[in-house]
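Here are my notes on the charged pairs, for you to read with the model open.

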Amino acid sequence: MKKLDRALPLALLHAREATLKPFRQELDDIGLTVQQWRVIRVLAEGKACCATELAERCVLMPPSLSRILKTLTERGLIERIEDTDARRRRVQITEVGREKYSAMSQKAAGIYEDLEEKFGTDKMETLLDLLNELYNVARAA
């Protein structure tokens with residue numbers, strides 16, 4: 001068995017927590033959690049979608065997503081709309097949600113820029129390529 005400092009799951013978790021720290025601080029200031037931000041971001045950068053697709057794109061478990069959707073709806077950041085299939089409903093971002101997205105996306109861009117400057121653009125691109133490749137390999141296993 002590999003030593004803890006070479007264990008992939010732990011290394012990924014440590015990197016995740018370290019990279020999320022500055023985002024959490026900014027999200028706290030605007031009253032969003034990291035998970036709520038993922039939902040807002042996916043909806044702002046895409047189109048309305050059903051909860052199943054949203055859970056997959058946001059990497060959230062359906063029960064967690066249900067609670068997040070309820071909270072975001074109550075706050076007026078998202079809304080449910082009818083789907084062409086009457087048995088389903090889709091979710092879309094509201095104008096208030098877009099304002100939150102706009103405020104945070106500018107801050108997020110600065111955080112990404114700073115991180116990439118410190119880590120290196122080429123290394124960041126390589127890391128993202130490798131992580132996507134690892135995801136595809138692990139998913140196919």
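Which residues are linked in a network of salt bridges?

1. The network joins Arg16, Glu17 and Arg24. A salt bridge here is a side-chain nitrogen of Lys or Arg within 4 Å of a carboxyl oxygen of Asp or Glu. The structure holds eight of them.

2. Before going on, a word on the ground rules. This is a predicted model, where local features need pLDDT of at least 70 and side-chain atom pairs count only at pLDDT 80 or more, while totals for chains, interfaces and linings use all residues. Numbering starts from 1 along each chain as its sequence is written, and side-chain values use heavy atoms, with hydrogens and water left out.

3. Have a look at Glu26 and Lys107, a salt bridge whose closest N and O atoms are 3.5 Å apart. The pair ties together distant parts of the chain: Glu26 sits in helix H1 (residues 8-30) and Lys107 in helix H5 (residues 95-119), 81 residues apart. Helices are DSSP runs of H or I, at least four residues, numbered from the N terminus. Glu26 is partly exposed at 24% relative accessible area, and so is Lys107 at 32%. (Buried is under 20%, exposed over 50%, partly exposed in between, with a 1.4 Å probe and protein chains only.)

4. Glu53 and Arg57 also pair up, at 3.9 Å from N to O. Both are in helix H3 (residues 51-58), four residues apart, about one turn of the helix. Glu53 is partly exposed at 29%, as is Arg57 at 42%.

5. Lastly, Arg41 meets Glu45 in a salt bridge at 3.0 Å, N to O. Arg41 comes out partly exposed at 30%, and Glu45 partly exposed at 47%.

How values were computed
Helices (H or I, at least four residues) and strands (E, at least two) are DSSP runs, numbered from the N terminus.
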